[in-house]
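Me: I would like to learn how to read a two-chain model. Can we take it feature by feature?

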Amino acid sequence: MKVIELKNLSKIYNPETIPVRAINDITLSVEEGEFTAIVGPSGCGKTTLLNMIGGLDISSEGSVDIGGVSINEMSESELTAFRLQHIGFVFQAYNLIPVLTAKENIEFIMVLQNRDAKTMQERSDDLLDRMGIKDQRDRRPSELSGGQQQRVAVARALASRPKFVLADEPTANLDSGSTEALLDIMAKLNKEEMITFIFSTHDQRVIDRAKRIIKLVDGEIVSDEQL
Amino acid sequence: MILSLAWKNIWRSKRRSFVVMSAVAIGVWSIIFMVSFYNSMIGAISRNSLQHDYSHIQIHHEGYLSEPGLGFQVKKPSMLMKFPSQIPDIEAVSARLIVNGMVASPKTNLGIQVYAIDPADERAVTALSGFLIAGDYFTNIKRNPILLSQKLAEKLKVKVRSKVVITVQDLEANIRAGAFRVSGIFHSKSPRINNGVIYVRHEDLSKLINLPDTAFNEFAYLLKNNESLIETKQMMEAKTNNLVRTYREIAPEFDMIEEGSAISKQVITVIVMLALLFGIINTMLMAVLERTKEIGMLRAIGMFKSKIFFMIVLETFMISWVAAPMGLMAGFLTNLYFEKMGGLDLSQYAGALEQYGGDAIFYPAIAQSTYLLLMLVVMMTALIGAIYPAIKAVNLKPLEAIRKL
């Protein structure tokens, strides 16, 4: 089942003055359960592509369908609601809320979804357990290592039960051990629960684990390998 | 959880939150102190003028206002004397014969108003005997005793038992002069009386200007309370065809002083609130700008603008909710302290305060409703102060924040 479908997607900055094509006529689809890495040199358009898939940026041309729903024509508030219900985000710098504990950070997105307390409790306990950070549940981000923080961030992204998770350079700030541990967890979730992950990355360790590698150069797909 | 998050956000920068909370608390405290001070001062001026000078209600002949003097004496004075027994809210009455004249001592002479009174009645209405600082209340001098203020005594260079000559005109405009002796020297709380009124017995002045014992041109009534002022005036008007006026009609400056005081209090409150407003805006703006990335991330993961707006407003409200009661409590305790200590002694400014009829001791006075009103004003200020930072927060673009990640 197609989770993401991009058709002739382009992003042009400064269209009136000096047009810069950050993304140029990309057409691709992502199936449920894929473990996809978008790779390429700096400035090739990885993050721009991820932002458009995530509804954070608007395409200049082409369309983005998520689960069969076109997000191109959505208003800002519709996009916000769509992101909340259907897309999980993992950021390079973790971006947890510093005043909340690990458990509260995971539950926060469910608060935004108006889930009941019992559901939140069960979901956050389950995710903390699967991420291997159950003992850290009452710690604030400043009391956690980088790897532990990123695991909380992944748990937060999964807490809302999204259609897929977008991860922008998720391992860029992690040491080798933490990177391997995080990739193990994500690979396990992908394998056992068919959770779709899409990464933008430079990290060879991530690329090595990916089942599909899309290579971008100058905003265009130059290769798309299924492994 | 948003409530909890807002509360936790306040304490991210403890020092900054403490500073803004202190500013709010001190602002609230200062307003309470200033309002209490104003109330005390204005209350004293009004009370002193009311109780020791004008009284609540005065009755004159209709023509007296255009031509004050002996020509327009009140009609049916015996009936006016009976009002305290007929109208329940009247505490006491003093009938007066007031005439302009001169008082002369061996050293100098001064233009004054002579109040011819019944000493017992006047004491009941204006508490005049309580202000004596030398001599006594008409009893130590058998023939023609007078009371005059310390200020007049100093000007005339007289003391108790000194002889003075009072010169007045009778009904036919003949000059009449009589020798009087200073029975007592007083210091009234009314600047008007201190500056130019002397008291003599009604019987002595009547004799001097050949008027009967029933000749009066002013009746002053002290009421049991101020609330029944209009009602009592109307009851009096129904019983007499003389001119009945309340102290507010006699002395419009009462309204002016009270209105001026109200305006002053409002101006002070507005100034303090404006200062707090900018403090709150500044603090919350800093808090928002420091959290640009975080707010952008919240928008990215699906937090609606309305919830972010609500969160920032809530944070601002919480700061005020904590700080304002602290200020109110500090104000309350300050007032309580001065109450227990017998007031704030401002004797060093007594001269200036007495010029306006005020007291040298400041007794804090504030209505309980002021505390509630002030709390509401602070909340309103917080709400206004929250709007700009909250708008700033909701206008952050998630993408821009993501790019900074």
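Reply: We will go through overall shape, domains, helix packing and the chain contact. Keep in mind that this is a predicted model.

Me: Start with chain A. What radius of gyration would a compact globule of 227 residues have, and what does chain A have?

Reply: Set the value against the globule rule. For 227 residues the rule gives a radius near 17 Å, and chain A has 17 Å, so the two agree. The C-alpha trace of chain A spans about 50 × 40 × 35 Å along its principal axes. Of its 227 residues, 48% are buried.

Me: Which secondary structure elements does chain A have?

Reply: Chain A has seven helices and ten strands. Among contacts in chain A with a separation of 6 or more, 71% join residues 24 or more positions apart.

Me: Now chain B. What radius of gyration does chain B have, beside that of a compact globule of 405 residues?

Reply: Here the rule and the model part ways. A compact globule of 405 residues would come out near 22 Å, but chain B has 31 Å. Its C-alpha trace spans about 105 × 45 × 35 Å along the principal axes. Buried residues make up 40% of the 405. Chain B holds 16 helices and twelve strands. In chain B, residues 24 or more positions apart supply 79% of the contacts with a separation of 6 or more.

Me: Which domains does the assignment give for chain B?

Reply: Domain 1 covers 2–50 + 255–403, and domain 2 covers 62–241. The C-alpha centres of these two domains of chain B are 50 Å apart.

Me: How do I describe two packed helices?

Reply: Two packed helices are described by the angle between their axes and the distance between those axes. Take α2 (residues 14–54) and α11 (residues 253–290) of chain B: their axes come within 10 Å and cross at roughly 180 degrees. Therefore α2(B) is roughly antiparallel to α11(B). The residues of this contact of α2(B) with α11(B) comprise 17 nonpolar, eight polar and three charged.

Me: And the interface? How many residues does each chain bring to the contact?

Reply: The size of an interface is often given as the accessible area lost when the parts come together. Here, count residues: 22 come from chain A and 18 from chain B. On the chain B side, α1 (2–10), α12 (292–301) and α16 (398–403) each supply at least two residues. The largest share, six residues, belongs to α12(B). By class, the side of chain B that touches chain A has eleven nonpolar, five charged and two polar residues.

How values were computed:
Residues are numbered from 1 along each chain as its sequence is written. Chains are lettered from A and ligands numbered from 1 in the order in which they are written. This is a predicted model: local features need pLDDT of at least 70, side-chain atom pairs count only at pLDDT 80 or more; totals for chains, interfaces and linings use all residues. Two residues are in contact if their C-beta atoms, placed from the backbone, lie within 7 Å. Helices (H or I, at least four residues) and strands (E, at least two) are DSSP runs, numbered from the N terminus. Ala, Val, Leu, Ile, Met, Phe, Trp, Tyr, Cys and Pro count as nonpolar, Asp, Glu, Lys and Arg as charged, and the others, Gly among them, as polar. Axes are lines fitted to C-alpha atoms, for helices over the stretch in contact, and angles run from 0 to 180 degrees between N-to-C directions. Angles under 35 degrees count as roughly parallel, over 145 as roughly antiparallel, 65 to 115 as roughly perpendicular and the rest as oblique. The radius of gyration is taken over C-alpha atoms; the globule rule is 2.2 Å times the number of residues to the power 0.38. A residue is buried if 20 or more other C-beta atoms lie within 10 Å of its own, exposed if 12 or fewer, and partly exposed in between; C-beta atoms are placed from the backbone. Domain bounds come from an automatic or database domain assignment.
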